[in-house]
Amino acid sequence: DLRWEINPRMSLVQDASMVATPANRDDYKFRINTALTGKVTDAFNMTMRYEYEYDRTLDLALRDNQRIVTALVYVF
């Protein structure tokens, strides 16, 4: 996991995880998430996040999954 404060209003967060089966080395899954968060006002944050997941246990066409998520968050 990594958290970097770019300036007082912007931060970058990255985390990665992996799950593997000890009995079968071909069964594993890993995930990487990266998010950029900016403070718009004291009450609102805007976040853009990239998520990537690879699951070796699924069929070849379904193993990769990636998405970009944006959110406007009200902090109370």
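This is a predicted model: local features need pLDDT of at least 70, side-chain atom pairs count only at pLDDT 80 or more; totals for chains, interfaces and linings use all residues.
**Entry 1**

Residues are numbered from 1 along each chain as its sequence is written, and side-chain values use heavy atoms, with hydrogens and water left out.

Phenylalanine 44 sits in strand E4, where a strand (E, at least two residues), like a helix (H or I, at least four residues), is a DSSP run numbered from the N terminus. On the surface, Phe44 belongs to a nonpolar patch together with Val40, Met46, Leu72, Tyr74 and Phe76, and their accessible area together is about 710 Å². A patch is made of residues with over 30% relative accessible area and no salt bridge, nonpolar side chains (Val, Leu, Ile, Met, Phe, Trp, Tyr) being joined within 5 Å and like charges within 9 Å. The areas come from the Shrake-Rupley method with a 1.4 Å probe, and for residues only the protein chains shown count as cover. E4 and strand E5 (64–74) each supply at least two residues of the nonpolar patch.

I then turned to valine 40, which lies in the loop between E3 and E4 and counts as partly exposed because its relative accessibility is 46%. From C-alpha to C-alpha, valine 40 is 26 Å from glutamine 66, and the two are 26 residues apart in sequence.

**Entry 2: the sheet**

In which order do the strands of the open sheet stand? I read the order as E1-E2-E3-E4-E5, which makes an open sheet of 5 strands with antiparallel pairing. The edge strands are strand E1 (2–7) and E5, since each pairs on one side only. Ignoring direction, neighbouring strands of this sheet are turned by 15° against each other on average; the axes are lines fitted to C-alpha atoms (for helices over the stretch in contact), and angles run from 0 to 180 degrees between N-to-C directions. Two strands pair if DSSP finds at least two bridges between them.

I went through the pairs from the E1 side. E1 and E2 are antiparallel and share 5 bridges, with glutamate 5 opposite serine 11 in E2, and a hairpin of 2 residues leads from E1 to E2. Strand E2 (residues 10–21) runs antiparallel to strand E3 (residues 24–39) over 12 bridges; here leucine 12 faces leucine 36 in E3, and 2 residues form the hairpin between E2 and E3.

E3 and strand E4 (residues 44–55) are joined by 11 bridges, again antiparallel, and lysine 39 has asparagine 45 in E4 as its bridge partner. The hairpin from E3 to E4 takes 4 residues. E4 and E5 run antiparallel with 11 bridges between them, and threonine 47 stands opposite alanine 71 in E5.

**Entry 3: salt bridges**

How many salt bridges does the structure hold? I noted 6 salt bridges, each being a side-chain nitrogen of Lys or Arg within 4 Å of a carboxyl oxygen of Asp or Glu. Side chains of opposite charge can pair when their charged atoms come close.

Arginine 56 and aspartate 26 form a salt bridge whose closest N and O atoms are 3.9 Å apart. Arginine 56 lies in the loop between E4 and E5 and aspartate 26 in strand E3, so this pair ties together parts that are 30 residues apart in sequence.

Glutamate 53 and arginine 31 also meet in a salt bridge, at 2.6 Å from N to O. This pair links distant parts of the chain, as glutamate 53 is in strand E4 and arginine 31 in strand E3, 22 residues apart. Is glutamate 53 buried or exposed? I found glutamate 53 buried, because its relative accessible area is 16%, whereas arginine 31 is partly exposed at 35%.

**Entry 4: confidence**

Finally I checked pLDDT, the predictor's confidence in each residue, from 0 to 100. The mean for the chain is 93, and 100% of its residues reach 70 or more.

How values were computed. Buried means under 20% relative accessible area, exposed over 50%, partly exposed in between (1.4 Å probe, protein chains only).
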